[in-house]
Structure formats: C-alpha cells, structure tokens
Amino acid sequence: MVFSLQKSKTYSRRLLQALQIGTLALSTAFWLTPPAQAQMGASPLVIEEQANRGQVDAVINVINPTNTPLRARIYSEPFTYSDRGFETLPSITNYLGSYLQFSPRELTVPPNTTRRVRLVARLAPNLPDGEYRAAIFTETLNEAAAGKSNLMGITTRVATNIYIRKGNVMPNISVENASFNQTINQLQLLVQNTGNASTQAKVDWSLSQGERVIHSGHLLPSTVIAESKRNLPLNLFSPDFPPLSPGNYQLTGSLTWGNNNSIPFDLNFTIPNS
C-alpha cells in the first residue's frame with residue numbers, strides 16, 4: 001500500500017494531535033506500529049535536588065495508559081530554555097549526563113500500569129560547586145509487526161528535567177523590561193537570572209494604557225536557566241481580542257519564584273507605528 005504525500009502528512013498531523021503526553025512531550029512520526037502503542041506519560045516533569053555527599057537518588061514514573069504493553073528506553077541529553085522554549089543542545093558545560101545511572105535503562109510497562117525507574121546521580125568529588133542538569137527522556141521502542149510495515153506509527157519521548165545543585169547555589173531573578181513582539185503578536189517580559197541555579201518563575205500581570213486596564217493574566221511557572229535571560233510570553237490575545245494598536249503602555253505586576261520570593265514590576269513600553 002502506498003500513501004500519497006498529502007495523505008501521509010494529513011494522517012501524521014491527526015496522529016500527533018491525538019497524542020496527549022504533557023507539555024514537554026516530543027513526538028516523531030515514522031513507518032512502524034499502530035499509534036495506540038505509542039501513547040505514554042511520565043512524572044514528575046521537573047526534579048530539583050541538592051546533592052548530599054555528591055549523590056542524589058530520584059524516581060521517574062513511566063505511565064502506560066493504553067490497553068497494550070509499552071516498551072521504552074531511558075537516556076539523557078543536554079538542554080536549555082530560550083525564547084523558543086525547551087530545546088536540546090549538542091553540549092553544555094554543566095551537563096549531568098556523565099554522572100547519571102538509570103535502573104532499568106529499558107523496560108516494558110504492562111497495559112494501564114505505571115512502572116518506576118530509579119535515577120542515581122553521583123557527582124565527581126573534584127566538580128566545582130554549581131548546578132548540573134540534564135533532560136532525561138523516556139522514549140517508546142516500537143517493533144514493526146509482520147505484514148504491517150506500511151502502517152503509520154509514532155515514537156513518543158517525554159522529558160523530565162533534572163537539576164542537581166552542589167554547594168550553596170541559588171537563583172537571583174530580576175525583571176529587565178517589557179516589550180511587544182509585532183512579528184508574532186506577543187507581549188513579553190524579559191527576565192534575567194544572574195544566579196548560579198535555575199528556577200521556575202510565575203507572573204501575575206496587568207496591561208494598561210493611561211487609566212484604562214486592557215487585560216490581566218497569570219503565567220504558570222516557567223523555567224529561567226541559571227546565568228541567562230529569557231523573554232517570558234504573556235498570553236494576551238484571544239479570537240475576540242483585537243491586536244494592540246501603536247501607542248504607550250504600562251505593564252505592572254509581580255514575579256514570583258523559589259520559596260515565595262517575589263518582586264513587583266512597573267514597566268513602560270511603546271508600540272511604534274508599522
């Protein structure tokens with residue numbers, strides 16, 4: 001059986017839309033087994049731990065919500081968060097992968113069952129104090145069934161981000177400015193983390209023009225990597241909300257992170273004429 005290119009693309013889109021695996025889940029379509037065998041979840045999605053004598057023990061739960069057995073493998077990759085969000089990298093200076101052990105590295109999860117994977121991080125004694133991180137992927141392993149090599153399947157991988165802190169390290173967050181990206185129609189809050197530890201920051205905000213409040217909202221916790229800056233996107237628009245017109249605006253609110261650390265902000269920005 002041969003699919004046309006257009007039909008294949010349409011089928012792939014529908015499969016990917018049907019797959020629900022969390023905010024950090026990444027999916028890749030290829031010719032293998034039926035998609036029902038590729039659905040998977042993992043928890044937690046973030047692990048933050050302080051190393052005790054150079055060691056940390058943690059657990060990832062691999063969830064199979066389907067009616068068929070699921071095979072998966074565990075591995076790690078370097079990662080960061082940028083204005084584009086989560087992304088893997090070829091390398092980072094504080095990559096944790098070399099110090100991680102998984103047990104097991106491959107596993108089979110029965111239908112409608114959760115299995116635990118133990119993680120052990122053993123940091124080398126000569127490592128300097130700081131934060132070490134990795135994205136730990138749980139990825140499905142599929143095998144082509146006899147006579148079904150032309151079926152569209154999905155390999156699913158779900159990332160759990162792990163941050164291990166050695167020594168006295170902590171984030172140091174500040175708000176730099178507010179801006180409006182006209183290219184993508186997005187209100188943004190530039191946040192800087194000059195500390196040596198990453199953190200999850202959330203935002204309560206209100207947008208005004210003069211005395212008129214235009215919109216307000218909340219941004220769920222978003223990662224700001226240590227010693228970096230990131231534009232946090234503030235969801236402003238809905239189908240019935242008109243784009244912002246050129247003019248002067250005020251963005252006020254508070255940024256919260258860590259153990260209830262919070263700072264207020266009161267920022268002005270201008271949207272120029274096109």
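Seven salt bridges are found in a search of the whole structure; a salt bridge is a side-chain nitrogen of Lys or Arg within 4 Å of a carboxyl oxygen of Asp or Glu. This is a predicted model, in which local features need pLDDT of at least 70 and side-chain atom pairs count only at pLDDT 80 or more, while totals for chains, interfaces and linings use all residues. Residues are numbered from 1 along each chain as its sequence is written, and side-chain values use heavy atoms, with hydrogens and water left out. Helices (H or I, at least four residues) and strands (E, at least two) are DSSP runs, numbered from the N terminus.

- Side chains of opposite charge can pair when their charged atoms come close.
- Glu106 and Arg71 form a salt bridge through their side chains, at 3.9 Å from N to O. This pair links distant parts of the chain, with Glu106 in strand S9 and Arg71 in strand S5, 35 residues apart.
- Arg71 counts as partly exposed because its relative accessibility is 32%; buried means under 20% relative accessible area, exposed over 50%, and partly exposed in between (1.4 Å probe, protein chains only).
- Another salt bridge joins the side chains of Arg84 and Glu87, at 3.1 Å from N to O. Arg84 has 69% relative accessibility and therefore counts as exposed, whereas Glu87, at 21%, counts as partly exposed.
- In the salt bridge between Glu131 and Arg165, the closest N and O atoms are 3.9 Å apart. Glu131 lies in strand S11 and Arg165 in strand S12, so the pair ties together parts that are 34 residues apart in sequence.
- Both Glu131 and Arg165 are buried.

**Nonpolar cores**

- A nonpolar core is a set of buried Ala, Val, Leu, Ile, Met, Phe, Trp, Tyr and Cys residues joined through side-chain atoms within 4.5 Å.
- The largest nonpolar core has 27 residues, of which Leu96, Leu119, Ile136 and Ile164 touch the most other members. At least two residues of this core come from each of S4, S5, strand S8 (100–103), strand S9 (106–109), strand S10 (113–122), strand S11 (130–140) and strand S12 (152–166). S4 gives the most, with four residues.
- Ile164 is in contact (heavy atoms within 4.5 Å) with residues including Glu49, Ala51, Val56, Leu96 and Glu131, leaving aside its neighbours within four places in sequence.
- A second, separate core has 26 residues, among them Ile173, Leu234, Trp257 and Phe269.

**The loop at Pro69**

- Pro69 sits in the loop between strand S4 (55–64) and strand S5 (70–77). Pro69 counts as exposed because its relative accessibility is 53%.
- Not counting residues up to four places away in sequence, Pro69 touches Asn64, Thr108, Val109 and Pro111.
- From C-alpha to C-alpha, Pro69 and Thr113 are 9.1 Å apart in space, and they are 44 residues apart in sequence.

**The three-stranded sheet**

- An open sheet of three strands runs in the order S13-S14-S17, with antiparallel pairing; two strands pair if DSSP finds at least two bridges between them.
- Strand S13 (173–181) and strand S17 (228–234) are the edge strands, each pairing on one side only.
- The twist from one strand to the next averages 25°, with axes as lines fitted to C-alpha atoms (for helices over the stretch in contact) and angles from 0 to 180 degrees between N-to-C directions.
- Seven bridges join strand S14 (residues 186–193) to S17 in the antiparallel sense. Asn193 stands opposite Ser228 in S17.
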